[in-house]
Amino acid sequence: MPAIQIKGLTKFYGTQRGIEDVHLSVERGEVFGFIGPNGAGKSTAIRTLLGLLKPDAGSAEIQGHDVATDGVSARAKVGYLPSEIAYYPEMSSRELLEYHASLYGVLHPERRMVELAEYFELDLDRPIDDLSYGNKKKCAIIQAVLHEPEVLILDEPTGGLDPLMQHRFFDMLEALNAKGTTVFFSSHVLSEIQRMCSRAAIIRDGKITAVEDIATLLAKQMKKVRLVVHDGAAIVLPEGAQNHHASGVKHSFDYVGSTSALVSWLDKQALLDVTLSEPDLESIFMNYYQR
Amino acid sequence: MNKALYLKELKRNRKNALIWGSIVLGFTLMILSIYPSFAEMGEQMALLMSKMPQEMARAFGIDDETWSSIIGFYATYYGIYITLLMGIFTSSTGATILGKEERDGTAEFLLTRPISRASIVDSKYAALLTLLLLIYVIQTLCAVGGILAFGTAVDWDVFTAMHVARDCARGFLYCNLRIVSIVCFSQGEFHGPRCRTHFRILLFRCDI
């Protein structure tokens, strides 16, 4: 039985499309990425999984519990990190986390809570209202893992975290995953998905357009190449290059294809400087659909 | 009904209950303590009041009983002011107990925990009811104490009839319950078939 099983899930907001006929299956112990541009339906899918929205059609199960008919048992298995955090402003992180734990029947969260707070450098006793966005996020992360859920559902988890904390966060996810926690992870940052996930689904305009191994995704991934060559050096573009722009000694193009082929091509050029960067998500999608 | 949520709600609303409870108790003791000075001029007051238009006296709940005994005096104020004060507590707390969660966006926190919507409404309702009953019981005890201290030749049957029989049949407790149920069950996010059924049952029992 998969950890998360989504069958034909559809949700419209009036005539506005939310998601349409989404099928997904996330295996137990897997780290699964859910990637798509803003407004593609990532949060709609996640909010339906958590029973915040009622699906118009289709069904979803978490650890075998139907989210619509047996939502309480389904949610008991889940740790959820929302993309937008709204907590009781008058409570401190400690109060919130204790309240949270009590709602899952965890009566003594103290030790684990303090450990996690130290790990993320969060002051538990400050009122949530006084916390910065990043610190609120830390509180939300601790909240998601405190009751040791079997499935973690993370909606754009890294927003607002500084690089050090992102690093610790991913380390923690890896450790939890090694212990068997399933992670379902939505993001619009491809490199995050690359780092963490074994498989990923691409969602666009409310529909799943592909479910791929990360390796396959990478092979199809486009890079933006910018180079500066010696004066007068002629350039013969490698195979897979497109959108070539040249101004004097500066060249830029998008490249799709094997990375090692690109590196050996670069090696033959009279290079002064080279930059390889990840294009924005939209152009990855554009590229993905063209092929 | 979820115990953790129920306890949290008791705690979150205790300050409000304490404030309104104090006002109600203070008022109860105040009216009982001024009775002796009215009692001294009981007949004069009754005479004076009889010159007032009947309708006006009735609007204030004043009748012959008002000046002749401490119970009558208490009943006049109890029927209007204490009921009103407790009504304010109930409706103000009831209006925020669910509505605040929606306004602050914390409804999402609550709804993503493993609790059903019906159970959220039930737990909050139970917490509000507990606080209301607590104030009611303490107010009753306080009134008994005040009557013993300031009254003479007290007819307890009338008091019992007022505080127990009338209240429980149709009086202030039900009136307050009605407010609780209306504000609790008419709030959007938490609407569900079961909540609406509850609402209907309560309305039915309250003779609305």
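Modeller: Here we set some terms against their cut-offs, for a model that is predicted.

Biologist: What makes A:Glu90 and B:Arg12 a salt bridge?

Modeller: The side chains of A:Glu90 and B:Arg12 meet at 3.3 Å, N to O. The rule asks for a Lys or Arg nitrogen within 4 Å of an Asp or Glu carboxyl oxygen, so the pair qualifies. The count between chain B and chain A is two salt bridges.

Biologist: Which parts of chain B supply the side that touches chain A?

Modeller: Helix 1 (3-40), helix 5 (70-103) and helix 6 (107-111) of chain B each give at least two residues to that side. The side of chain B that touches chain A has seven nonpolar, five polar and eight charged residues.

Biologist: How many residues are in contact there?

Modeller: 20 residues of chain B are in contact with 23 residues of chain A. Contact needs heavy atoms within 4.5 Å.

Biologist: What area is buried between chain B and chain A?

Modeller: About 1,900 Å², and carbon and sulfur atoms give 59% of it. On the chain B side, B:Phe109, B:Arg113 and B:Pro114 lose the most area to chain A. Together they make up 33% of what that side buries.

Biologist: Why is A:Glu20 with A:Lys207 called a salt bridge?

Modeller: Their side chains meet at 4.0 Å, N to O. The cut-off is within 4 Å, so this pair is counted. The pair links distant parts of the chain. A:Glu20 is in strand 2 of chain A, A:Lys207 is in strand 10 (residues 207-213) of chain A, and they are 187 residues apart. Over all chains, the structure holds 20 salt bridges.

Biologist: Now the sheets. How do you know that strand 12 and strand 13 of chain A pair?

Modeller: Pairing takes at least two bridges. Strand 12 and strand 13 (residues 250-256) of chain A have five bridges, in the antiparallel sense, so they pair. Within this pairing, A:His245 stands opposite A:Ser252 in strand 13 of chain A. The two strands form a hairpin with two residues between them. In the turn, A:Gly248 has a positive phi of about 65 degrees.

Biologist: What makes strand 4 and strand 5 of chain A a pair?

Modeller: Strand 4 (residues 57-62) and strand 5 of chain A share two bridges. The rule needs at least two, so the pair passes. A:Glu61 stands opposite A:Asp66 in strand 5 of chain A.

Biologist: Why are strand 2 and strand 5 of chain A at the edges?

Modeller: Strand 2 (16-26) and strand 5 (65-66) of chain A each have a single partner strand, so one side of each is left without a neighbour in the sheet.

Key
Residues are numbered from 1 along each chain as its sequence is written. Chains are lettered from A and ligands numbered from 1 in the order in which they are written. This is a predicted model: local features need pLDDT of at least 70, side-chain atom pairs count only at pLDDT 80 or more; totals for chains, interfaces and linings use all residues. Side-chain values use heavy atoms; hydrogens and water are left out. Buried area is the accessible area (1.4 Å probe) that two parts lose on being put together, summed over both. Helices (H or I, at least four residues) and strands (E, at least two) are DSSP runs, numbered from the N terminus. Ala, Val, Leu, Ile, Met, Phe, Trp, Tyr, Cys and Pro count as nonpolar, Asp, Glu, Lys and Arg as charged, and the others, Gly among them, as polar.
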